[in-house]
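Morning, everyone. Please have a look at the model first.

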Amino acid sequence: MYIRKSEMADLPALTKFYDQVVDYLYENVNYPRWEKGVYPCEESIRQRIQKGEQFIGYIGPFVAGAFVFNEDPAGDYSVGEWKQNLKEGEYLIIHTLAVHYSFYGKGYATEMVNFAKNLAKELGYKAVRIDVVPDNYPARRLYESLGFSYAGNKDLSRNFEHIPTFCLYEFDLTKEKTVFD
């Protein structure tokens with residue numbers, strides 16, 4: 001998978017990608033509880049591209065995956081039971097990570113997470129954190145299998161009636177064993 005920071009020219013392809021992912025989730029199980037036209041949507045993708053936070057992953061000419069990577073927890077991360085006592089700005093957060101359903105089971109989510117961990121380490125961050133909808137078991141298994149530590153199921157004060165709490169995870173980049181594929 002070729003992964004890079006998205007450019008504004010990627011907006012139509014990313015919008016189509018996320019719409020197809022959400023359509024698939026609606027037809028199966030909508031683990032992250034995304035809403036088509038609400039989140040992720042063209043405007044949220046545009047904003048992330050403009051801020052340099054949106055990443056895109058290709059397999060040949062096809063958009064196979066995407067994620068957002070930034071310092072913004074979009075909620076109160078201070079409530080987490082983190083192993084590291086870090087301030088905002090000392091860690092990066094993965095948001096909106098998705099793989100197109102036609103590429104499921106091929107290890108591309110792992111590849112994107114490892115890319116994010118490597119990038120964060122290169123940039124001098126001490127951790128990568130993430131929050132997951134509690135019943136998003138595929139995502140939780142992914143992060144746990146990649147060495148992320150569970151940091152509690154907490155209310156992040158996001159005021160989402162349909163998602164009152166999130167499961168928090170952290171990957172410590174300061175440990176010696178941070179060699180990724």
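I'll start with the cavity. Bear in mind that this is a predicted model. Counting cavities of 30 Å³ or more gives 1. How much space lies in the largest cavity? About 30 Å³.

Now to the residues around the space. The lining of the largest cavity consists of Tyr18, Tyr39, Pro40, Ser44, Ile45, Arg48, Gln54, Val68 and Thr96. By type, that lining divides into 5 nonpolar residues, 3 polar and 1 charged. Which element gives the most to the lining? That is α2, with 3 residues.

That brings me to the helices. Helix α1 covers residues 11-27 and helix α2 covers residues 42-50. Their axes come within 10 Å of each other, and the crossing angle is roughly 135°. An angle of over 145 degrees would count as roughly antiparallel, and 65 to 115 as roughly perpendicular, so α1 is oblique to α2. As for handedness, α1 and α2 cross in a right-handed sense.

Which residues make the contact? On the α1 side they are Leu11, Leu14, Thr15 and Tyr18. From α2 come Glu42, Ile45, Arg46 and Ile49. Sorted by type, the contact of α1 with α2 has 5 nonpolar residues, 1 polar and 2 charged.

One last remark, to tie the two topics together. Tyr18 and Ile45 belong to the helix contact, and Tyr18 and Ile45 also line the largest cavity. That's what I had; I'll take questions now.

Note on methods. Residues numbered from 1 in each chain as written. Predicted model: local features only at pLDDT ≥ 70, side-chain atom pairs only at ≥ 80, totals over all residues. Heavy atoms only, no water. Axes fitted to C-alpha atoms, helices over the stretch in contact; angles between N-to-C directions. Helix = DSSP H or I, 4+ residues; strand = E, 2+ residues; numbered from the N terminus. Parallel < 35°, antiparallel > 145°, perpendicular 65-115°, else oblique. Left-handed = near helix turned anticlockwise from the far one by under 90°. Contact = heavy atoms within 4.5 Å. Nonpolar A, V, L, I, M, F, W, Y, C, P; charged D, E, K, R; others polar. 1 Å grid on protein atoms, 1.4 Å probe; cavity = no way out; pocket = protein on both sides within 12 Å on 5 of 7 lines; lining within 4 Å. Points joined across faces, edges and corners; volume = space filled by probe spheres on them.
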